[in-house]
Amino acid sequence: MLAKGQTITQWMEKLAPKSVAMPDDRIGLQLGSLQRDVSNVLVALDVTDEVVDEAIALGAELIIAHHAIIFRPLKDLQTDTSQGRLYEKLIKHDIAVYISHTNYDIAEGGMNDLMAEALDLRQTKVLWKTGEDKLEKLVVFVPKSHADSVRTAILDTGAGHIGDYSHCSFNVEGEGTFKPLEGTNPFIGSTGTVEQVEEVRIETIIPSSIKSRVLRAMLKAHPYEEAAYDLYPVSLNGKPYGLGRVGKLEQPKPLAEVVELVKERFEVPYVRVVGDLNTSIRKIAVLGGSGGRSVNHTLFHGADVLVAGDIDYHTAHDALVAGLCIIDPGHNAEKIMKKSVAARLQAMAEENGASTVFHASHIATEPFQFM
Ligand SMILES: [Zn+2]
């Protein structure tokens, strides 16, 4: 069975919820339609002409990319411009393009976690907090016979996380009453008679970001026609999320060795470096994409080096004055997302019995040559 485009992007949104994206970011479906079966998906960092050719050769109906193909509102669609030709080619070959950008950067297990992992960083934290996942308390009343299955459905969907503990819930037994009214088809009791039922009140905590998913799973498992449940806002601090990560190496290393590590793990031939190569490095801040605005965040966290792309001249000077080292592997270091996203989506397809194949693009989209 082939997965529909819509289903595939729902899987992608599990990996990178749209709700965490930076404001005004260009994400989601940018071109084409998701209302069709998809046999092959190409995962790319950038959608260039060569990447589109690769998608055509693979028979891909969908490209999932990190960087947007439409940045500004289009005023026209002239197909004698290079950008217009690209859109024309995609449309002619019926290939849809879906973008997952800052939401993928920020998401747990997304770009920034991937980069931190590539450098073997431990005890990683968010470098630059952009928001926090608000918490809500969910309370549901379930007949005793179905308490286990409803609880499992709720907790397996990700509710009930407190710190490093999962599946946290509180359960208390009691008696529920109800009278099915005209036109109902009650699971227990009969129309017009007040019923008393032994029920369990299950309560747990859910991050707002997964609320709809949890409620769907709960309602599916609940036997009642009209499940009784409450949601309360909770004024506890939710989990912070954001751009970049900061973490520690197992052992301190001189900057020169960290440079080699960055080159090897991000598969880049050259990096630009700010700082004394003998500086001892223990704490590393890493950020996918442009890192120019993250110097202050890096200093705030007391990191020894910032690993990020697109560092400009004046930012490098600021870092030098502040005693902060920088390694700039280039923006294209983000290419490590291709294999990771393709593999994670492939696993989700297999879990769901779909035969859609996910390919990591082989096209190098580094625009610079190093001479
Ligand atoms: Zn980027």
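User: In this predicted model, in which strand is the place of Gln 30?
Analyst: The model is a predicted one. Gln 30 has its place in strand β2.

User: Is Gln 30 buried or exposed?
Analyst: A residue counts as buried when its relative accessible area is under 20%. The relative accessible area of Gln 30 is 17%, so Gln 30 is buried.

User: Leaving aside neighbours within four places in sequence, with which residues is Gln 30 in contact?
Analyst: Contact requires heavy atoms within 4.5 Å. With neighbours within four places in sequence left out, the contacts of Gln 30 are Ala 68, Ile 69, Ile 70, Val 97 and Ile 99.

User: How are helices α2 and α3 oriented to each other?
Analyst: Helix α2 covers residues 49-58 and helix α3 covers residues 82-92; their axes come within 10 Å and cross at roughly 10°. Angles under 35 degrees count as roughly parallel. The two helices, α2 and α3, are therefore roughly parallel.

User: Which residues of α2 and α3 meet, and how many of the contact residues are nonpolar, polar and charged?
Analyst: On the α2 side the residues are Asp 49, Val 52, Asp 53 and Ile 56, and on the α3 side they are Leu 86, Lys 89 and Leu 90. By class, the residues of this contact of α2 with α3 are 4 nonpolar, no polar and 3 charged.

User: Why do residues three or four places apart in an α-helix point the same way?
Analyst: The spacing follows from the helix repeat. Residues three or four places apart point the same way because an α-helix has 3.6 residues a turn.

User: What covers the buried residues of α3, and which residues are they?
Analyst: The cover includes β2 (28-31), α2, β5 (62-65) and β6 (96-99). The buried residues of α3 are Gly 84, Leu 86, Tyr 87, Lys 89 and Leu 90.

User: Which residue with a positive phi follows α3, and what is the value?
Analyst: The residue is Asp 94, which follows α3. Its phi is positive, near 55°.

User: Which residues are the protein donors of the zinc ion, and how far from it do they lie?
Analyst: The donors are His 67 through NE2, His 331 through NE2 and Glu 334 through OE. In sequence, the spacing of the donor residues is H-x263-H-x2-E. The donors lie from the zinc ion at 2.1 Å.

User: Where is the place of Pro 17, and with which residues is Pro 17 in contact?
Analyst: Pro 17 has its place in the loop between α1 (5-15) and β2. At 22% relative accessibility, Pro 17 counts as partly exposed. Leaving aside neighbours within four places in sequence, Pro 17 is in contact with Asn 103 and Ala 107.

User: How far apart in space are Pro 17 and Phe 187?
Analyst: In sequence, Pro 17 and Phe 187 are 170 residues apart. Their separation in space, C-alpha to C-alpha, is 35 Å.

User: What is the phi of Asp 24, and where is Asp 24 found?
Analyst: Asp 24 is not a glycine, although its phi is positive, about 65°. At 72% relative accessibility, Asp 24 counts as exposed. Asp 24 is found in the loop between α1 and β2.

User: In which loop does Asp 120 lie?
Analyst: Asp 120 is a residue other than glycine with a positive phi near 60°. Its relative accessibility is 41%, so Asp 120 counts as partly exposed. Asp 120 lies in the loop between α5 (111-118) and β7 (122-133).

User: How far apart in space are Asn 278 and Gln 123?
Analyst: Asn 278 lies in the loop between β13 (272-274) and β14 (280-290), and Asn 278 is exposed, with a relative accessible area of 66%. In sequence Asn 278 and Gln 123 are 155 residues apart, and in space, C-alpha to C-alpha, 24 Å.

User: How many helices and strands has the chain?
Analyst: Of the 371 residues of the chain, 47% count as buried. The chain has 11 helices and 17 strands.

Methods
Residues numbered from 1 in each chain as written. Predicted model: local features only at pLDDT ≥ 70, side-chain atom pairs only at ≥ 80, totals over all residues. Heavy atoms only, no water. Axes fitted to C-alpha atoms, helices over the stretch in contact; angles between N-to-C directions. Helix = DSSP H or I, 4+ residues; strand = E, 2+ residues; numbered from the N terminus. Parallel < 35°, antiparallel > 145°, perpendicular 65-115°, else oblique. Nonpolar A, V, L, I, M, F, W, Y, C, P; charged D, E, K, R; others polar. Donors = N, O, S within 2.8 Å, 3.2 Å for Na, K, Ca; no water. Buried < 20%, exposed > 50% of the residue type's maximum accessible area, 1.4 Å probe, protein only.
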